[in-house]
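Reader: I would like to know what the terms used for this model rest on. Please set each value against its definition.

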Amino acid sequence: MATMADELHMIHSPQAPGKPGAKPHWTTSQKTSVGTARNLASHVWFTTHHGILGEIFYPRIDSAAARDLGMIVTDGDSFFSEEKTDTQSNVLWLGHGIPAFQITNACKQGHYTIEKTIVADPWRHSILQQIRFRAMRGSPSRYHLYALLAPHLEDRGAGNNAFLDDFKGIPMLMADREGFALALACSAAWLHRSAGYVGVSDGWQDLHEHKQLTCKYDRADDGNVALVGEIDLSEEKEFVLALGFGRNSSEAAHRARASLNHGFDAALERYVKEWTGWQKTLDHLDSGEKANSSAYRTSTAVLATHESKDFQGGTIASLSDPWGEIHGDKDKAGYHVVWPRDAYETASALIAAGATDEVLRALRFFETTQEADGHWPQNMWLDGTEFWKGIQLDEVASPILLLDLARRHEKIQPGELDRLWLMVRKAAGYIVRHGPSTQEDRWEEDAGLTAYTLGAMIAALLVAAEMAAGNNEPKLAAYLRETADAWNDAIERWTYVEQTALAKKVGVDGYYVRIAPKERLSGRIPLTEEMIKIPNLPGDNEFAADAIVSVDSLALVRFGLRAAGDPRIVNTVRVVDAVLKVDTPKGPCWHRYNHDGYGEHEDGSPFDGTGVGRVWPLFAGERAHYELAAGRTREARRLLESMEALASDSGLISEQVWDREPIPEKELFPGRPTGSARPLVWAHAEHVKLLRSLADGKVFDTPPQTVERYLVEKTRGKHAPWRLDAQVQRIPAGHILRIETEAPARIRWSADGWKTAENTDSRDTDIGMYVADLPIRSLAAGARIVFTIYWLDAGNWEGKDFSVGVVN
């Protein structure tokens, strides 16, 4: 095909101008598909959005290597069309739960269609696209087709080198950066190629201005770079693009060429066969008269796609970066790091689906990445290196709950269970030393006492106690149960309020608050006078603690601590619905909590550190589980339908959906995904677990230990813990005052104002906590205990007296 550029003088330079290019940023989080080969040979993961490839990950699922790869169409004179912005895109899965995709992009002006099928090469580190270009107006020879590739090797847009080269005589577009490389090869010939700096000398700029390539630059080094190549359509309207990756350009080019030589059809057949075989091993939760089989299999495929292949068992939260289009290199992690909570949700959903090997790998990953003191990082890279620095105690509890779920469903062998007990023991120790107040709640925003974290910790402590008893540690088992009982008894004292303005407005006696500050442990200040700060809100972000409610309170039912019909739960549900519920065109949905600032601004602009929280499809699933626990199966099924309806057209469930009037120019429509993470793996996990729960007729992941102890036996605590960092001011009559320290201590105490005194030495719990139980259960209300502490190892007194009152 001749081009106008052939008839004109083309500028040719060995080095592109404009270094280092525009500031790099990621692409949109609005993914329409995600995929990878179902084996360990291929270490590449792909995403798509708006009809093109989005971020591509290599050599690890937590490391992006390319920003995007799409097509540009021109007529060489006046017509310019970019595939990702100027077409209507339709995405089809090639089979239920088979993450290979057929995408049809139709030009909005009617000039052309581009049809493509995308898979990862199951034998090597390459992504393959079989593409067919169809001219809809005039002869195909009228048009010019270009591939535009933005390398972001080693998770960065800066510092990349783009260049043109041949491999064994095969022309390719290449890039490298510090031991990482990519190469783009085409089964058709390249007519023209160029490398450039984004925003200055890249192919997009040239084509947009001239409708043809007028410049050929051989290299663009050390910057935010892009590669462009014109594809020869003179003989074949169908061709294959192979994007190969390696440690250097030769490795990457070798894989790209090998993929082309092996053939697209062979790769597609093997890819589909492997995924089909895996899906057949799962339980058939998609059966039933009204079942949406593609929704279930889509969720299981999303779960499996997000597992690492070199650090097996590690699963990231999403192959996306929320509002990535405004994020640069400093935000390189996006959601493609491991959150222990999300990884727990993924693995537990795979248990619900009937998987076994994946669950064992997840437990081994947790075992390997556990810190020496027993906790897991807030989030981490796959090698276990922490990313953010916070600690969330529900994430310390999650691996314990996963192990219990796995053993109850016979997914783990006794020998491995014995070894993993050491992991559980360390985690339980961390929980009792640092709980019940968490440094961060499950939304990673506030410290304090929250229903979800309390529920997870109490359940985990009972699981650990059961395992301790089975491992001949009865004293440890008793201590863990006593701690769980004490915390469970205090939930209402810490987090339930009555007769507030909000309660009166809704017409209830009281409700559980979203979070109570840690100071609530001492009981010095009424909860109605406590304040909390909410991040992501501009200006004044401090609110009365009793004015903020959250969907998290349902966790008390999910974790088996409170019955679904408990009046306090029922009251809270009424408040949650009054404050947080939104009825979208796709069904009901809920906000995380009121005054949430994590989401698009009111005008639809991206979250940029501040914003307005939107509703989450995940909560339709959590609410459905609550309705099932309450015996309202029909309502639970209705909410399942809502959750599935809130997914994107290609079946991916997003973190949030839009809850206001439509803003078409920003692709925001009520009940449709926003620019938040898509897919959110946690949401797909909740979907799978809900399907399993409905099939079983009961909530799948509620721990039986809590149900038996607190709902059946109605066990109450006998101990009232006191710590230096949580100095309880009063305890109920009939309780034992338990002084807890992290070093051996002697407690000298008196119940008569030091007229007489007794000494009680602490005992070692063997998990980093020492306890001294003061026998004061016979004291009546109005009594006061005073005490001081002598540190046995240091040989000195604390130097002050403490006191605790006895109340009814």
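Author: Helices (H or I, at least four residues) and strands (E, at least two) are DSSP runs, numbered from the N terminus. The model is predicted, so local features need pLDDT of at least 70 and side-chain atom pairs count only at pLDDT 80 or more, while totals for chains, interfaces and linings use all residues. Residues are numbered from 1 along each chain as its sequence is written, and side-chain values use heavy atoms, with hydrogens and water left out.

Reader: Where is the place of lysine 518?

Author: Lysine 518 lies in the loop between β20 (510-512) and β21 (531-533).

Reader: Why does lysine 518 count as partly exposed?

Author: Buried means under 20% relative accessible area and exposed over 50%, with partly exposed in between (1.4 Å probe, protein chains only). Lysine 518 has 36% relative accessibility, so it counts as partly exposed.

Reader: What makes the pair of lysine 518 and aspartate 725 a polar contact?

Author: A polar contact is a pair of N or O atoms within 3.5 Å; within protein, one must be able to donate a hydrogen and the other to accept it, and residues adjacent in sequence count only if both atoms are side-chain atoms. The side chains of lysine 518 and aspartate 725 make such a contact at 3.5 Å. Lysine 518 is also in contact (heavy atoms within 4.5 Å) with Ser437 and Gly448, among residues beyond four places in sequence.

Reader: Why is glutamate 395 called buried?

Author: Its relative accessible area is 0%, so glutamate 395 is buried. Glutamate 395 sits in helix α9 (residues 393-408), and its side chain reaches the backbone nitrogen of arginine 341 at 3.3 Å. Beyond four places in sequence, the residues touched by glutamate 395 include Trp339, Trp376 and Gln378.

Reader: How do you know that the span of α17 is close to the one expected?

Author: The expected span is 1.5 Å times one less than the number of residues. Helix α17 (residues 633-645) has 13 residues; 18 Å is expected, and its first and last C-alpha atoms are 18 Å apart. Its buried residues are Ala636, Leu639, Leu640, Ser642 and Met643.

Reader: Why are the buried residues of α17 said to line one face?

Author: The arc is that of the directions from the helix axis to the C-beta atoms. The buried residues of α17 fall within an arc of 160°, so they line one face of the helix. They pack against β24 (587-590), α16 (618-629) and α18 (681-696).
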